[in-house]
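Hi everyone, thanks for coming. Let me put the structure up on the screen, and then we can walk through it together.

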Amino acid sequence: MINNPLSYLLLRLAVAMSMFGHGVVRIPKMDEFSAGMVKEFEQSLLPIALVQPFSYILPYIELLVGVFMLVGLFTKQAIVVGAITMIVLIFGSSMIESWGAISSQLIHILCFVLLLSYQQYDNYALDKLFFKK
């Protein structure tokens with residue numbers, strides 16, 4: 001017998017931990033992370049005026065998406081923000097021809113889409129406690 005709520009929980013936690021981990025390791029070294037991203041994009045079509053602010057915002061988005069998904073609070077919104085973030089990252093990776101990074105980003109977005117599509121199985125979340133339907 002398939003345990004859909006448990007399967008959903010495990011996928012949600014795995015994606016959440018990936019997003020959380022990306023954010024938590026970048027925030028303490030924010031200036032280094034931003035400088036590295038700006039350097040990667042200096043030969044791309046994207047202006048530094050867009051890349052630099054995004055490089056400072058991205059770790060916080062990753063961290064918040066991860067935290068909300070880990071505890072299962074505002075899960076749908078966190079999934080949508082995570083998916084949009086991946087779409088933006090795929091665009092950026094395309095602009096610098098970082099084709100290897102895109103495969104990881106596509107896996108993330110696939111997981112976000114699955115989580116969104118099967119959210120009825122999200123039984124182990126604070127959303128269920130605070131927002132009973």
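**A walk through the helices**

Let me start with Phe74, which is partly exposed because its relative accessible area is 38%. In this talk, buried means under 20% relative accessible area, exposed means over 50%, and partly exposed is in between, with a 1.4 Å probe and protein chains only.

Before going on, a word on what you are looking at: this is a predicted model, where local features need pLDDT of at least 70, side-chain atom pairs count only at pLDDT 80 or more, and totals for chains, interfaces and linings use all residues. Residues are numbered from 1 along each chain as its sequence is written, and side-chain values use heavy atoms, with hydrogens and water left out.

Back to Phe74. You will find Phe74 in the loop between H3 and helix H4, which covers 75-95. Its phi is near 55°, a positive value in a residue other than glycine. Glu97 also has a phi near 55°, again positive and again not a glycine. Glu97 sits in the loop between H4 and helix H5, residues 99-117, and Glu97 counts as exposed because its relative accessibility is 57%.

Phe131 itself lies in the segment after helix H6, which runs 126-130, and Phe131 is partly exposed, at 43% relative accessible area.

Now let's step back to the whole chain. How many helices and strands are there in the chain? There are six helices and zero strands, so the elements read α-α-α-α-α-α from the N terminus on. Here helices (H or I, at least four residues) and strands (E, at least two) are DSSP runs, numbered from the N terminus. The C-alpha trace spans about 50 × 25 × 20 Å along its principal axes, and buried residues make up 37% of the 133 residues in the chain.

How do the helices pack? Take H2, residues 30-41, and H3, residues 48-71: their axes come within 9 Å and cross at roughly 140°. That makes H2 oblique to H3. The crossing of H2 and H3 is right-handed. Then there are H1 and H5, which pack at an angle of about 140° with their axes 10 Å apart. That makes H1 oblique to H5 as well, but the crossing of H1 and H5 is left-handed.

A few conventions for that part. Axes are lines fitted to C-alpha atoms, for helices over the stretch in contact, and angles run from 0 to 180 degrees between N-to-C directions. Angles under 35 degrees count as roughly parallel, over 145 as roughly antiparallel, 65 to 115 as roughly perpendicular, and the rest as oblique. A crossing is left-handed if the near helix is turned anticlockwise from the far one by less than a right angle, and right-handed if clockwise.

Last topic: charges. Side chains of opposite charge can pair when their charged atoms come close. The structure holds three salt bridges, each one a side-chain nitrogen of Lys or Arg within 4 Å of a carboxyl oxygen of Asp or Glu.

In one of them, Asp122 pairs with Arg12, and the closest N and O atoms are 2.6 Å apart. This pair links distant parts of the chain, with Asp122 in the loop between H5 and H6 and Arg12 in helix H1 (residues 4-26), 110 residues apart. Both Asp122 and Arg12 are buried.

Another salt bridge joins Glu62 and Arg26, with the closest N and O atoms 2.8 Å apart. Glu62 is in helix H3 and Arg26 in helix H1, so this pair ties together parts that are 36 residues apart in sequence. Glu62 counts as buried at 2% relative accessibility, and Arg26 counts as buried at 18%.

Finally, the side chains of Lys39 and Glu42 meet in a salt bridge at 3.8 Å, N to O. Here Lys39 is exposed, with a relative accessible area of 56%, while Glu42 counts as partly exposed at 45%.
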